[in-house]
Amino acid sequence: MQVPRLHPETIEEVKQRADIVDVISGRVVLRKRGKEFVGLCPFHDEKSPSFTVNQAKQMYYCFGCGAGGNAFKFLMELEKRSFSEVVLDLAKTYQVQVKTVEPEHRQELQRQISLREQLYEISALTAKFYEHALRQPQGQEPLAYLKSERQLSEETIQQFQLGYAPQGWETLCSYLIEQKHYPAQLVEQAGLIVPRKSGGSGYYDRFRNRVMIPIRDTQGRVIGFGGRALGDEQPKYLNSPETELFDKGKTLFALDTAKIAISKADQAVVVEGYFDAIALHAAGIGNAVASLGTALSLNQVRQLLRYTDSKQIILNFDADKAGTQAAERAIGEIEKLAYQGEVQLRVLNIPDGKDADEFLKTYSSEQYRELLKNAPLWLDWQLQQMLINQDLKQADTYQQITKRIIKLLTNITDDNQLTHYLQKCAEILSKGDYRLTKMLADNLLNQVINDWGKRLSQDESLTMPLLIKKKLKPTSSKQSKKQSSSSLNNQSKESFLAVARSLLEEAEGQLLQIYLHCPEYRQDVRESIEAREVQFSLSHHRFLWHQILNAEIFHKISLQIAPSELILRLQDSLIEYPNQLNQISHLFHLNELSEKNVYRAPLVIRSALACIEQIISMKRRRIALNMWENTDAASNCEEALEYHQQFLAEQEWIRELERLRQVNFYDLISVPWSGNF
């Protein structure tokens, strides 16, 4: 269910009614100790309690692992659910009326909640129906299939609630509609029956003569089914259609039972089929999930990343052509995260083209674990795939592979990783002649630098590796000394963009940090930004500024609110934005340098604004210069003159701003500190 934006009043009322001791005691055994409650931390293994809950402050904290927060954060971290989902569940528990920011969405939200509860009920009853059918005389064949061909134990069959859909066209339909009196339309919405297209009105069962595998959400509720044909019927595997509960692209089979094992192993294994995942669980490898026969989506990956600290995911798709293509599609979906280091992605192809289920019928679980241990990183796997059946001695093949390698290298943003793969790829292309490796590595790096230059001209927000950044910087010592100031005037466009982003990161960060930590200067920051019509250029800084303004508007926060209270409120509101929070959380804390900036806040405000304005002016000057150079002065004299005057005006303003920066930005160390912090 797509949850609309919840009204702040609803969130606040839930926060007031949901006592943290009540919420946590339902999941952790708590004992009263003085003014606090203590128990064993659910976020890490421990034998003596270090997990404390303070009822007065409505906060929890673990002295063992450092986990802490309010009731909302506890449920989000423990159950790996979104902020809105947690608030909705608590609202239901504590009977809080749910309001949305947009009033027109409220009635629809209530209707969706009621509908979903009925669909959960029908799906759970259907799973029991299929389980029961498996134990009837008509279920002997499917039961034998599970025990003999799939070699599943009775315990595993029960664990996954495996069942059987009888052959009859209306067996389930009659049971749910005629015996249990559910409306036919509702059963259809659950994806269990299909309206007849010919031969009159009525419905027939979607699943017939199939082994049935319930698909559950992370809370263990049945939301759909997968059916495996026992005869020659096609398709061999049939999934439930998209419903209010079931979205194939957002669901991972067996995640409800795998999530604890994933956390303990600090690793998730993704396979293609239901029975691959079931076989791995039966073999004691409980950190396995299946992607329901589709390419692994970004949404599914984000679900897995909630449960592993190291963010390690291993794709174990079939080694045939279809499996390789599925792995490549999955990589395509998440390669941006992988390049940024947010996912430690590995790819396992089992020898002889076997899938996990087949492998475990012949080999032990320990041998499978060994394969997991040795699975190559996704970049190594892609390099291996590039080189299959390729002869690098052929000039055209060599050129083609080199282009593909450069494309791969250009996307790497981590310096250590880039250095490693430059060397590795050079060794591959040298074809064993290690005398050529150094030269080839340099050539590859130069081509990667050229590609980065093109990318930066199209998107200034990209973060390039330091290795590339250094190569793009001017090399003369004179220019190097002026790198952070007026040398911006003479740099190439690519180098300008890189250095400008670095300066913006520093200047904008200083303004925000002063606003957060210096109540007495908040009005100055606001007025200066408005008066000079300056905006935050970097998206994460712009996001934080909007959050600050929203918090002040919605919660009527005074400009004089204490830094600790303002930061706490912001952290609460940012819980549902983990990626943005990671980018800006350092601004909530002061190190030695930023603490000094706080002491000299007026000067930092002026110099930071001058820095931002200067970069904006330089961009305008570049545009004016480009337009002037591309205008034919002979035929468009007035236009060319106008562009030239714009260029000169910006040039003069840049000099003035540089003077302000030189005095107030770089010479601040000589300014006496004042104030009490």
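## Close-up views of a predicted model

**Figure 1. Helix 15 and the elements that its buried residues pack against.** Helix 15 spans residues 365–373, and its buried residues are Ser365, Tyr368 and Leu372. Down the axis of helix 15, these residues fall within an arc of 55°, so they line one face of the helix. An α-helix has 3.6 residues a turn, so residues three or four places apart point the same way. Glu366 and Lys373 are exposed, on the face of helix 15 turned away from the buried side.

**Figure 2. The whole chain, for orientation.** The protein has 29 helices and 15 strands. Of its 677 residues, 46% are buried. Among contacts between residues at least 6 apart in sequence, 65% join residues at least 24 apart.

Figure 3. Strand 12 and strand 14 pair in the parallel sense, over four bridges. Val269 stands opposite Ile314 of strand 14.

**Figure 4. Helix 10 and its buried face.** Helix 10 covers residues 255–265. Leu255, Asp256, Ala258, Lys259 and Ile262 are its buried residues. Seen down the axis of helix 10, they fall within an arc of 135°, so they line one face of the helix. Ile260 and Lys264 are exposed on the other side of helix 10. The buried residues of helix 10 pack against strand 9, strand 12, helix 11, strand 13 (288–290) and helix 12. Just after helix 10 comes Asp266, with a positive phi of about 55°.

**Figure 5. The crossing of helix 12 and helix 13.** Helix 12 is made of residues 298–305, and helix 13 of residues 321–339. Their axes come within 9 Å and cross at roughly 45°. The two helices are therefore oblique to each other. Helix 12 passes helix 13 in a right-handed crossing. On helix 12, Leu298, Val301 and Arg302 make the contact. On helix 13, the contact residues are Glu333, Ile334 and Leu337.

Figure 6. Ser297 lies in the loop between strand 13 and helix 12. Its relative accessible area is 15%, so Ser297 is buried. Leaving aside residues up to four places away in sequence, Ser297 touches Gly249, Glu333 and Ile334. Glu333 and Ile334 also belong to the helix 13 side of the contact with helix 12. The C-alpha atoms of Ser297 and Lys250 are separated by 7.4 Å, although these residues are 47 residues apart along the chain.

Figure 7. All eight residues of strand 10 (residues 222–229) are buried. Strand 9 (residues 210–216) runs antiparallel to strand 10, and seven bridges join them. Strand 9 and strand 10 form a hairpin, with five residues between them. In the turn, Gly220 has a positive phi of about 85°. Three bridges join strand 10 to strand 11 (residues 237–239), again antiparallel. Gly226 of strand 10 takes part in both pairings: its bridge partners are Ile213 and, in strand 11, Asn239.

**Figure 8. Gln382 in helix 16.** Gln382 is found in helix 16, which runs over residues 378–387. The relative accessibility of Gln382 is 15%, so this residue counts as buried. With residues up to four places away in sequence set aside, Gln382 touches Ile331 and Leu408.

How values were computed
Residues are numbered from 1 along each chain as its sequence is written. This is a predicted model: local features need pLDDT of at least 70, side-chain atom pairs count only at pLDDT 80 or more; totals for chains, interfaces and linings use all residues. Side-chain values use heavy atoms; hydrogens and water are left out. Buried means under 20% relative accessible area, exposed over 50%, partly exposed in between (1.4 Å probe, protein chains only). The arc is that of the directions from the helix axis to the C-beta atoms. Contact means heavy atoms within 4.5 Å. Two strands pair if DSSP finds at least two bridges between them. Axes are lines fitted to C-alpha atoms, for helices over the stretch in contact, and angles run from 0 to 180 degrees between N-to-C directions. Angles under 35 degrees count as roughly parallel, over 145 as roughly antiparallel, 65 to 115 as roughly perpendicular and the rest as oblique. A crossing is left-handed if the near helix is turned anticlockwise from the far one by less than a right angle, and right-handed if clockwise.
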